[in-house]
Amino acid sequence: MKQPDLSKNETPIFCAIDKPDLDSAMLLCEQLPKGIGIKLGLEFFNALGKHGLEMIASRFSNIPIFLDLKYHDIPNTVAGAIRAATKNFTPAYLNVHAAGGLAMMQAAKKACPQGTKLLAVTILTSLDEEAITQVGYHAGVQNRVLQMAQLTQEAGLDGIVCSSYEIELIRKECGDDFALMVPGIRPEGSEIGDQKRVMTPANALRAGATHLVIGRPISQANNPAKAAIEILDSIK
Ligand code: C5P
């Protein structure tokens, strides 16, 4: 299998800034070395809102931001939400749920500013086989993720968010020109925490991921800058 060309990818890792207050979020962002982007998600956004978002975006305008708000609503509402969120800044990546459907993803893509890549969440990594059956999906996690990834491609989006266990399948079926942003990443020997299916940074990239989301192994380290540099060294 041909691997995607990562040589031009200057930011293969996004650090999850899962902090409830602006001061500690700013402090963590300040410690990130070159090569690590900023991921702001629902916890940050609901605690600190658009103001918090724009404070980070203006203070760290040289660092790519992944806005992980996982929009899932009717097309018109998602498009409006994206226009509102991106009025004053351009995130490098933004995401929606693929389960919102083809028309919603197309509307979302149209609403994204130029310079923002749009990804779709396939199946949340917190859902296992039993849990997806409970919500009415009977084809199994892998088949479901593949179906969602193909729908995402049809809608013209730039890639998906998936677990490390689906990387090889999706890379094989969806080709090289498709971003795979992968959370649940743990460097050798670090705490797994509540993640179920984890992989090391080097193995995930080797399998075909283009970007990795890493939170606690950096944010909870005694020295976040050192931890981040060690992770970058491990994927050189
Ligand atoms: O600390 P940790 O590395 O587990 O953080 C992973 C980050 O990725 C968290 O912000 C979490 O919300 C996010 N995420 C995830 N699984 C997904 C999508 C996002 O863990 N399927």
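Visitor: Which element gives the most to the lining of the largest pocket?

Guide: β3 does, with three residues. Bear in mind that this is a predicted model.

Visitor: How is empty space found in general?

Guide: Rolling a probe the size of a water molecule over the atoms shows where empty space is left. Here, the largest pocket holds about 820 Å³. It has 33 lining residues, and the closest to its centre are Asp18, Lys39, Lys70, Pro183 and Gln195.

Visitor: Which elements supply at least two residues each to that lining?

Guide: β2 (36-41), α2 (42-59), β3 (65-71), β8 (211-214) and α9 (216-219).

Visitor: What is the volume of the second largest pocket?

Guide: About 380 Å³. Its lining counts 20 residues, with Pro187, Ser190, Pro217, Ala227 and Ile231 closest to the centre. Two or more residues come from each of α8 (201-207), α9 and α10 (224-234). The top contributor is α10, with five residues.

Visitor: How many cavities of 30 Å³ or more does the search find?

Guide: One, in the whole structure. The space in this largest cavity is about 30 Å³. Its lining is Thr125, Ser163, Pro183, Gly184, Gln195, Lys196 and Arg197. That makes one nonpolar, four polar and two charged residues.

Visitor: Now the rings. How should I read an aromatic pair?

Guide: A pair of aromatic rings is described by the distance of the centres and the angle of the planes. In this model the count is three aromatic pairs. One of them joins Phe14 and Tyr93, edge-to-face, at 5.8 Å centre to centre and 80° between the planes.

Visitor: Why does the pair of Phe14 and Tyr93 tie together parts that are apart in sequence?

Guide: Because Phe14 lies in strand β1 (residues 13-16) and Tyr93 in strand β4 (residues 93-97), the pair links parts 79 residues apart in sequence.

Visitor: Is Phe14 buried or exposed?

Guide: Buried, at 1% relative accessibility. Tyr93 is buried too, with a relative accessible area of 9%. Tyr93 also pairs edge-to-face with Phe66, at 6.5 Å centre to centre and 80° between the planes. Phe66 sits in strand β3 and Tyr93 in strand β4, so this pair ties parts 27 residues apart in sequence. Phe66 is buried at 2% relative accessible area.

Visitor: Which residue lies over the face of Tyr137?

Guide: Arg144, at 3.4 Å from the ring centre.

Technical notes
Residues numbered from 1 in each chain as written. Predicted model: local features only at pLDDT ≥ 70, side-chain atom pairs only at ≥ 80, totals over all residues. Heavy atoms only, no water. 1 Å grid on protein atoms, 1.4 Å probe; cavity = no way out; pocket = protein on both sides within 12 Å on 5 of 7 lines; lining within 4 Å. Points joined across faces, edges and corners; volume = space filled by probe spheres on them. Helix = DSSP H or I, 4+ residues; strand = E, 2+ residues; numbered from the N terminus. Nonpolar A, V, L, I, M, F, W, Y, C, P; charged D, E, K, R; others polar. Phe/Tyr/Trp six-rings, centres within 6.5 Å; stacked < 30°, edge-to-face > 60°. Buried < 20%, exposed > 50% of the residue type's maximum accessible area, 1.4 Å probe, protein only. Lys NZ or Arg CZ within 6 Å of the ring centre and 35° of its normal.
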